[in-house]
Structures are given as structure tokens and as C-alpha cells.
Amino acid sequence: MTGDRVLVMDFSDAVAEVLFRLEPGDVVTYGEVAAEAGHPGASRAVGNLLRRTEGLPWWRVVASNGRLAPGHEPRQTELLRSEGVAVENGRVVVENRAERGGSP
DNA sequence: CCCCTGACTAGAA
DNA sequence: TTTCTAGCCAGGG
């Protein structure tokens with residue numbers, strides 16, 4: 001019963017909880033975090049929170065298009081790669097082997 | 001209460 | 001493919 005332990009959590013706390021639940025090698029988008037935190041659509045607020053808050057696994061959060069955080073691409077790339085995440089040209093490589101322009 | 005900023009997103013050009 | 005615009009949300013002054 002009351003499996004929900006969601007006590008009046010502030011936006012910041014809710015987002016932080018979701019972030020800390022992530023495991024090494026896991027990557028999520030701002031929108032996913034916002035929705036998981038109980039604030040769907042607040043993707044922008046999530047980005048702002050990561051920018052103002054420290055101690056959070058911000059590198060595990062990327063944009064919906066796989067883009068990394070502006071100004072932190074090099075650092076985020078190294079962190080993600082160190083966890084086994086494939087990153088290329090400031091972008092998280094998704095299981096998307098279609099349309100690629102280059103070598104089919 | 002009002003105004004502005006921002007590590008966003010989806011869609012159009 | 002890249003660039004721009006409009007819309008949405010929370011925090012801070």
C-alpha cells in the first residue's frame with residue numbers, strides 16, 4: 001500500500017531524486033527527468049536546476065536530440081565515455097544506424 | 001504581483 | 001543538414 005513515498009517534494013528535490021537514481025552508463029533527457037520528477041514539460045526548469053545546483057549527475061542528462069550541455073561538451077563527453085556511453089562530436093550516439101551520410 | 005533568464009522541445013524554413 | 005521561432009516551466013529580483 002502506500003508504496004508511494006512521494007511526500008510534498010519540491011521540484012529541485014524531485015529532480016535530484018531522479019538523477020541520483022540513475023546508474024552509471026544510463027542517459028536521460030531533460031524532458032524525461034522532468035516527467036519522472038512529476039513535472040512534465042518542465043524540461044527547461046530541469047536544465048536551469050542542473051546549472052544552479054551542484055553535486056548532481058548532470059552529465060547523465062542530455063537534450064532530446066542527444067546534444068550535450070553547451071559549454072560542458074568536452075567534460076560531459078569524457079564522463080559519459082568513462083561510463084560506457086558512446087559519444088561522438090558532442091552528441092550521444094543512439095542506437096540509430098539509419099541515415100548517416102558517410103559510409104553505408 | 002510583475003518581469004526576465006535559461007544546460008529545453010517540437011516544428012517550420 | 002542547419003538555423004530560427006514560438007511555447008512551456010520554475011527560480012530569482
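How do the residues of the surface near DNA strand B divide into nonpolar, polar and charged? In this predicted model, that surface holds seven nonpolar, six polar and two charged residues. Fifteen residues lie around DNA strand B, written as 15 in the count, and those that come nearest are R44, N48, R51, W58 and S64. Helix α3 gives the most to this surface, with seven residues, while α2, which spans 30–36, is another element that supplies at least two.

Several polar contacts can be followed from the protein to DNA strand B. The side chain of R51, by contrast, places a polar atom 2.6 Å from a phosphate oxygen. Among the atoms of DNA strand B within 4 Å of the protein, 50% belong to sugar or phosphate, and the rest belong to bases.

Turning to DNA strand C, the residues around it are F11, S12, H39, G41, A42, R44, A45 and R52, and they divide into three nonpolar, three polar and two charged. The side chain of H39 has an N or O atom 2.9 Å from a phosphate oxygen of DNA strand C, whereas G41 uses a backbone N or O atom, 3.5 Å from a sugar or linking oxygen.

Technical notes: Residues are numbered from 1 along each chain as its sequence is written. Chains are lettered from A and ligands numbered from 1 in the order in which they are written. This is a predicted model: local features need pLDDT of at least 70, side-chain atom pairs count only at pLDDT 80 or more; totals for chains, interfaces and linings use all residues. Side-chain values use heavy atoms; hydrogens and water are left out. A residue is near a molecule or strand if one of its heavy atoms lies within 4 Å of it. A polar contact is a pair of N or O atoms within 3.5 Å; within protein, one must be able to donate a hydrogen and the other to accept it, and residues adjacent in sequence count only if both atoms are side-chain atoms. Ala, Val, Leu, Ile, Met, Phe, Trp, Tyr, Cys and Pro count as nonpolar, Asp, Glu, Lys and Arg as charged, and the others, Gly among them, as polar. Helices (H or I, at least four residues) and strands (E, at least two) are DSSP runs, numbered from the N terminus.
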